[in-house]
Structures are given as C-alpha cells and as structure tokens.
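I set out to record what I looked up in this structure. The entries follow the order in which I consulted it.

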Amino acid sequence: MTSFFTRAWSSAEKLDGKTVLITGANTGIGKETAKDLAGRGAKVIIACRDMEKAKEAVKEIIETSGNDNVKCMKLDLADTKSIREFAEAFKKDEPKLNILINNAGVMVCPYGKTADGFEMQFGVNHLGHFLLTYLLLDLIKRSAPARILTVSSMVHSWGSINLEDLNSEKSYDKMKAYSQSKLANVLFSHSLAKRLEGTGVTCYALHPGAVKTDLQRHVSGPMYLIMMFIRPFFKTAVQGAQTTIYCAVEPSLENETGQYYGDCARTSCCDAGKDDDLAQKLWELSCRMLNITWE
C-alpha cells in the first residue's frame, strides 16, 4: 500500500568526525535517524528518559550501522533539573556538537504537568528543547558549521499560541495543546535562525510525515477511528526519518536557515509560523517560564 511519501532522497554524504545528539532516539524515527547517521560515520549520542530501552537501542544502532561510537545518556525533558544535569555532563564529556536534533515528543496525552508545573506537551515538546538548546548553544557555536533541527508536524498549522494560557490551565484540549506545541517548535526554529545569523549555525524545522509510531498511543474517540482508517497509508519509521536525515546531512542546505521542510524538500509552514511578533512574544514568555535570559 502506498504511504504518504512523495519524494525519494538518498545521499552518500559522510559524517566522519562529526558529533550528533538526538533526543528521544530509543524508538521510532529518532532511532532510524540515529542508525542512518551512525552509518555515515558520526559519533551519535541518544538522549532518553528510559535508559533500559536506550541501551537496547544503542545495541541495535551499533549492529545496524557497524559503528560502535554510539552511546546513550539520561535526559528527561519533563524536568528542567534533568535537562541541566544532562547538559553539564554532555559538555564535560564532548568537545563538540555538530548536529543537534530536537526529536523527542509526546502527543495528545491526557492532561498532565511536568516536574516544573508546565503542561506536559508544551513543556516537553517546546520548553524542554528550548532549554536544552540554550544550554548547549556555546558548544554548538564552537563546533560550527553546525545544524540545529527541530522536529515539528504538519499539525502546527492547526495550532495557535495561547499567550494568556500556554499551560492550558483554563481549559485543556489534548489536540489543541499538541498543535500549539508543534507551532511553538516552528516559531522557535524561526527565531533561533535569526539570532544565529553569521555564526555558522543553521536551523531547520521539519514535518516527518504521518508515521506509524507509538506516539499515537494516547489518541482516542473519533480521532482514533480516523487514525485507524488512514494508518495503512502512514509512513514507516524509516520513511519518516528521511526528512530529518535530509536536513542533517544535505550539503545544499548549508546556506539555508530558519526554513521548514517536509518530504525531503523545503516547503511552507503556516502564516503563524512566520509571524515575527508572535515568535518574539513566545520567545520572551519561554525565557520567563524557564527563568533564563536569552536575548
């Protein structure tokens, strides 16, 4: 059965001597991305909350890629203390970071809060990666040319940023909260690219496609029935990883930054994803929520 995958892309580009960090790569598209980039010769670090699953993934990545320069480190994006501890340990162990892939995420989960009291989807998908990138940015700049990828979703176009209630405390709709977090991903990449102009660090937001992964485990009700009907047409995790790999390795993207990609090509995000005023307000609020200063 044909998947929603329209454009084949392949490249023999090598990544020898490069260091790659991927969040949430013990399963799904993150793990497939890790396999591919390790196969290109990169040193790959996968950052995961569940270390048992992460160790199993590392074994699989090494076996598949033939590259034993792969390791896992503990990171819980739902806890700023864990993010800070991870960043300190990473900077102590690693002299460079050439490619950061903000891949981990939670999707349409029941209402819950992170350790710091943020709504779970906004907290993990946006704020967790915002803080992680902030803490690793000096190392990334020193490693230039470098790339920062943020995995968003086409559902960002269904979303809006509720600046008055980012944590969905007044009312909670799990799909609205998810699409808000994915729009925040696009706006973050857009803002970050502007701030990093001239540093040799480029930024990419991307939609992997509709992919068969366990991210969909919280989908219920009418959305579940729709999902079951269209699921046979979904991409495999390998197909879903291709746009991430493209943004990580494609040489022609060296001079592109702040753009949005899908199916291994530059495409358009929604108008809200390019709104400079909204992006700036979200940036300032994110800094305030995380208690950091990032001009």
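Entry 1, a loop residue and a helix residue. I began with L166, which is found in the loop between β5 and α5. Helices (H or I, at least four residues) and strands (E, at least two) are DSSP runs, numbered from the N terminus. The model is predicted: local features need pLDDT of at least 70, side-chain atom pairs count only at pLDDT 80 or more, and totals for chains, interfaces and linings use all residues. Residues are numbered from 1 along each chain as its sequence is written, and side-chain values use heavy atoms, with hydrogens and water left out.

Not counting residues up to four places away in sequence, L166 touches F122, I161, Q180, L282, L285 and M289, where contact means heavy atoms within 4.5 Å. I also noted that the C-alpha atoms of L166 and S286 are separated by 9.5 Å, although these residues are 120 apart along the chain.

From L166 I moved to its contact Q180, which has its place in helix α5 (residues 174-195). Q180 has 3% relative accessibility and therefore counts as buried. Leaving aside neighbours within four places in sequence, I found Q180 in contact with F122, G159, S160, I161, N162 and L166.

Entry 2, the sheet. I traced an open sheet of eight strands, in the order β3-β2-β1-β4-β5-β6-β7-β8 and with mixed pairing; two strands pair if DSSP finds at least two bridges between them. β3 (70-74) and β8 (265-267) stand at the edges with a single partner strand each, so one side of each has no neighbour in the sheet. From one strand to the next, the twist averages 25 degrees.

Helix α2 (residues 51-65) packs on the sheet, where I found it touching β2 (43-48) and β3, and its direction makes about 170 degrees with that of β3. Axes are lines fitted to C-alpha atoms, for helices over the stretch in contact, and angles run from 0 to 180 degrees between N-to-C directions. Helix α3 (residues 80-93) lies across β1, β2 and β3, at about 150 degrees to β3.

I then checked β1 (residues 19-23), which is joined by three bridges to β4 (residues 99-102), the two running parallel. I22 stands opposite I101 in β4. β1 and β2 also run parallel and are joined by five bridges, with V44 in β2 as the bridge partner of V20. Five of the six residues of β2 are buried.

How many cavities of 30 Å³ or more does a search of the whole structure find? I recorded one. On a 1 Å grid over the protein atoms alone, a cavity is a set of points where a 1.4 Å probe fits but cannot get out, and lining residues have an atom within 4 Å of a point. The largest cavity holds about 50 Å³ of space. Of its 13 lining residues, L77, T80, F118, G123 and G128 lie nearest its centre. α3 and α4 (120-142) each give two or more residues to this lining, and the largest share, four residues, comes from α4.

Conventions. Buried < 20%, exposed > 50% of the residue type's maximum accessible area, 1.4 Å probe, protein only. 1 Å grid on protein atoms, 1.4 Å probe; cavity = no way out; pocket = protein on both sides within 12 Å on 5 of 7 lines; lining within 4 Å. Points joined across faces, edges and corners; volume = space filled by probe spheres on them.
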